[in-house]
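Take the sequence and the coordinates first.

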Amino acid sequence: MIDRRLVENFDWGLFWVLMGIIGVGLVSVYSALYLQIQENPTGNLFVRQLVWLSAGFAVLFGTLLFDYHRLKSISLWSYLLLIFLLVLVLLVGKEVNGARRWLQFGGFQFQPSEFMKVVIVMKLAAYFGSQDMPAYPDLKKLLPALGILFIPVVLILAGPDLGTAMVVLAVGLTVIVFMGVRWRYILTAALAIIPTLYPLWEYVLRPYQKSRIMILFSPELDPLGAGYHIRQSKIAIGSGMAWGKGFLNGTQNNLRFLPEKHTDFIFSVWAEEWGFVGCVFLLLLFGFLVFLGLRVARRSRDRFGALLVVGMTCLIFWQALINIGMVLGLLPVVGITLPFVSYGGSSVITLCFAIGIIQNVSMRRYTFHTQ
Amino acid sequence: MAEKRKRKSTLQILKFSDNESSLFGRQYLLLTAVLVLVLLVYVLRLWHLQILEGPRYRYQSENNRIRLEDIPAPRGIIFDRNGIPLVENRPAYHLELIREDVADLEETVQRLARLCERDPQEFLDILESNRHRPRFKPVRLLADLDRDILARVEAHRVRLPGVVLQLEPKREYRWNGVAAHLIGYLSEITEQELSSPQFEGYHPGEDIGRYGVERAYQRYLHGRRGGRQVEVDALGRRMRLLEEVLPIPGRNIWLTIDIELQKAAEEALKGETGSIVAMDPRDGAILALASSPTFDQENFIRGFTREEWRSLSNDPGRPLLNRAIGAAYPPGSVYKPFLLLAGLNEGVISLDTKFNCPGFYFFANRRYRCWRDQGHGNLDAESSLVQSCNVFYYQTGMRLGVDRIAHYSKLFGMGTATGISLHGEHPGLIPTADWKRRATGVPWQRGETLSVSIGQGFNLTTPLQMALSYSALANGGKVWQPYVVRRIEGGGTGGADEMRGNLKRKVHMDPRHLDMVRSGLKGVVHEDRGTAHRAVKDKSLSIAGKTGTALVVRLPDNVNRKLHAREAKRRERDHAWFVGYAPADDPQITVVAMVEHGGHGSSAAAPRVEQVMAAHFKGVSREEDS
């Protein structure tokens with residue numbers, strides 16, 4: 001099944017950049033969980049992260065075994081299955097911090113919204129990749145795509161899981177825009193949406209919902225919650241200065257940092273200990289990853305592959321952008337992990353799958369297909 | 001055919017491939033541009049934070065610390081109906097330790113133990129159990145310091161970095177033990193409750209209502225805790241206030257009870273086990289709700305030793321039980337007016353019906369006794385109520401049957417929870433044939449209808465239910481949902497929410513029937529042969545009511561009743577009821593007294609009702625004077 005030519009086209013550059021990011025992640029997670037690791041050297045979250053990464057690599061290489069065109073036929077079914085699971089989460093999901101996100105199967109729990117991130121890309125790529133789809137499709141062809149995108153976004157938003165909904169929306173819109181949307185459509189949509197915002201804000205939203213949104217954009221309105229977190233995050237990042245305090249020397253990290261320091265705020269742990277140099281290094285790694293991903297897309301043989309790769313690349317790009325922007329105090333504080341750096345099982349598996357798809361398309365760029 | 005299609009599709013793909021770069025070229029460029037732009041912005045931001053502002057943040061991270069401090073919200077005050085505070089807040093100081101700021105933990109603990117006159121090991125144990133909390137979070141060593149310790153610790157605090165005296169409002173009961181069951185008490189929130197969605201936003205160490213109004217109105221009384229972000233120096237001293245969120249105080253609650261009347265009711269119950277309920281029959285407001293024995297609410301604030309708690313919860317007198325709503329007894333003769341109304345309404349008796357009472361009723365080879373061994377002779381309905389003749393009710397009850405009796409009792413509010421907003425209400429029990437078959441598997445026996453007819457047998461009602469039912473007699477058939485809170489002050493808009501009585505249903509009766517029953521109830525007190533005629537001294541109060549005696553131990557057929565009453569051990573004596581309203585012609589208050597093992601209703605319960613009513617009308621006239 002895998003012949004020599006396929007292996008030759010494996011994108012090693014992309015692979016090594018990924019390894020670099022994962023390395024940064026392991027160093028940061030180790031530091032964030034240092035106290036826990038010292039207390040329990042075998043049964044801690046760092047060890048579990050290693051297990052997740054191994055599983056992630058298994059998924060990554062498993063993805064390479066089949067031709068990505070097969071995804072076209074399963075995309076609809078996996079999409080429908082996930083929609084079903086998202087509804088299920090709303091009905092019977094496990095509640096954590098007031099939000100329903102998790103489904104429990106025996107001792108194993110998982111987050112369907114996480115997998116929606118890749119499935120939405122598959123479904124939209126399959127939709128636009130079909131034969132009779134022209135570039136710059138007209139409204140009749142665009143509306144079903146918007147429908148495909150907005151159903152899961154609304155379901156995730158109802159969780160409520162603003163962060164994941166934002167990522168799914170951003171990724172989906174990127175794929176749609178990439179396919180080509182005429183300017184007049186964009187302008188019309190903007191003109192239609194903007195006037196509805198005011199009545200929505202004034203009459204539909206409840207005061208507590210409004211204040212939640214306000215806090216999102218200006219965390220200092222919630223000085224005991226998000227505002228405090230952002231302030232501590234900025235102190236941690238800033239105190240890293242040019243060269244950082246060194247591995248395991250972060251005081252913010254060890255003393256009193258955020259509850260989510262090993263997940264959402266992992267970037268500030270890295271920034272405190274490795275400074276400006278380390279941060280720029282990590283940003284460049286992400287930049288290369290996206291750049292190499294787009295190169296694979298451009299070289300791919302067909303539209304389905306190109307859209308698939310663009311979607312998967314943008315998934316990583318948007319998620320990194322939103323997470324780092326939040327930690328730097330530039331974007332709203334929503335619960336989003338930093339790809340391959342933050343601790344987290346579902347996230348690692350999904351993102352490894354995304355990388356696997358990119359590699360898959362890269363490997364099969366010279367094979368020809370008739371259908 | 002197949003070959004043709006294959007070639008066609010191949011052609012299409014090739015066509016796409018040709019156009020590919022021109023098709024998506026602009027989009028690739030756009031995405032790359034966005035990528036570069038974002039990277040640039042982020043690098044600039046990092047430059048700003050780490051290079052330009054870096055030294056400031058480095059200083060903050062090493063020398064100063066940003067901390068969160070709690071500002072507890074004062075709990076709402078509880079007033080009586082006239083605005084007299086029953087429960088207030090007083091400042092309490094807790095001794096807390098922030099380990100991160102402590103120079104020498106061993107030394108500090110030793111000195112603190114000496115200042116507080118405690119065993120240092122006690123503090124070390126607390127610290128050990130909090131080992132996993134972040135070191136910058138305070139650990140509470142001692143709650144609610146007394147004045148001497150507070151003064152000593154305060155004097156030495158400068159030399160004890162990391163030691164904090166946290167101010168927190170604590171409950172103070174103005175009349176400790178009075179209305180304890182109604183007001184309730186608080187205790188600290190448990191670990192388990194903290195993680196439940198009901199208590200989202202609560203912090204460890206906060207007190208929550210456990211009983212009575214404190215529990216039922218927890219949501220309103222609690223308020224919301226505030227906090228502040230402060231910058232502290234290396235010794236934990238506050239340098240600068242960065243942000244502050246003021247606490248939202250809990251809302252004040254005005255009860256429907258009158259504290260003077262409540263005190264009179266508790267005074268009337270002194271030394272007895274039982275309860276008194278006073279209610280306004282015009283709207284269902286509870287004016288007094290007393291249960292005896294009572295308990296010491298302050299104890300819950302101070303905290304119990306294991307020993308104290310065991311002796312309180314195992315006390316055979318069950319002081320923690322609110323007997324007015326949480327205990328149910330056979331109503332005895334207090335039940336009789338409802339049987340009359342049922343009989344009249346169903347047409348099995350009329351206003352002129354007379355039954356002969358020879359002192360017993362003979363059924364199935366058994367004598368069912370009247371309380372008066374020599375019998376009452378020929379009685380009509382009204383006199384049967386005045387003299388509480390059992391035989392009249394045996395006759396009526398047999399004609400009605402158990403299910404029709406139950407129907408009317410339930411209409412008047414017996415046998416179901418009244419819906420008062422307090423926890424621990426006993427629903428009582430009004431038996432039906434169907435109920436007995438389901439509960440015991442044995443069909444209903446006709447003889448049991450006889451017991452039910454005079455309020456004994458399976459019948460169980462709470463004092464509160466009796467207050468409700470008699471209020472319905474007093475006000476012409478309105479069954480209220482009783483309520484204990486008349487006002488909740490300080491909502492989101494700053495105004496107060498006024499509560500009003502909730503009418504559950506109106507029972508429709510022939511006014512002539514009701515008049516007869518009410519005239520009978522008046523006769524109980526005011527006629528020479530009335531069962532409470534001698535017990536109620538002050539006839540000017542114009543009380544109408546009914547005595548009742550709930551059998552605890554059934555008397556064998558041939559025992560001398562009086563002798564038995566004298567000889568019976570206290571625990572075997574009957575429960576005494578009196579339920580009445582006044583003034584008889586324009587009822588303004590309904591009072592129920594239930595004295596466990598009090599003996600007869602007329603001697604043990606009626607004078608207590610009289611006492612409460614006298615206090616009420618004295619209070620009313622005092623109010624009118626001023």
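Predicted model: local features only at pLDDT ≥ 70, side-chain atom pairs only at ≥ 80, totals over all residues.

Q: Which residue forms a salt bridge with B:D585?
A: A salt bridge needs a side-chain nitrogen of Lys or Arg within 4 Å of a carboxyl oxygen of Asp or Glu. Here the closest N and O atoms are 3.7 Å apart. The pair links distant parts of the chain, 63 residues apart, with B:D585 in the loop between β22 (575-582) and β23 (589-595) and the partner in helix α21 (residues 511-526) of chain B. Helices (H or I, at least four residues) and strands (E, at least two) are DSSP runs, numbered from the N terminus. The partner is B:K522.

Q: Why does B:I276 count as buried?
A: B:I276 sits in strand β11 (residues 274-279) of chain B. Contact means heavy atoms within 4.5 Å. Leaving aside neighbours within four places in sequence, B:I276 is in contact with residues including B:L269, B:L289, B:V591 and B:V612. B:I276 counts as buried because its relative accessibility is 0%.

Q: How far apart in sequence are B:R228 and B:E244?
A: Their side chains meet in a salt bridge (3.2 Å, N to O). B:R228 lies in strand β8 and B:E244 in strand β9 of chain B, so the pair ties together parts whose separation in sequence is 16 residues.

Q: What separates A:K117 and A:E114 along their helix?
A: The two side chains meet in a salt bridge (2.7 Å, N to O). A:K117 counts as buried at 4% relative accessibility, and A:E114 counts as buried at 6%. Being 3 residues apart in helix α6 (residues 112-128) of chain A, they are separated by about one helical turn.

Q: Which side chains form the salt bridge between chain B and chain A?
A: The contact takes 49 residues from chain B and 63 residues from chain A. Buried area is the accessible area (1.4 Å probe) that two parts lose on being put together, summed over both. The chains bury about 5100 Å² between them, 68% of it on carbon and sulfur atoms. The count is 1 salt bridge, at 3.6 Å, N to O, between A:R231 and B:E243.

Q: How many residue pairs are in polar contact between domain 1 and domain 2 of chain B?
A: Domain 1 spans 66-255 and domain 2 spans 259-304 + 325-625, with bounds from an automatic or database domain assignment. The area buried between them is about 3100 Å². A polar contact is a pair of N or O atoms within 3.5 Å; within protein, one must be able to donate a hydrogen and the other to accept it, and residues adjacent in sequence count only if both atoms are side-chain atoms. The count, with both residues at pLDDT 80 or more, is 18.

Methods
Residues numbered from 1 in each chain as written. Chains lettered and ligands numbered in written order. Heavy atoms only, no water. Buried < 20%, exposed > 50% of the residue type's maximum accessible area, 1.4 Å probe, protein only.
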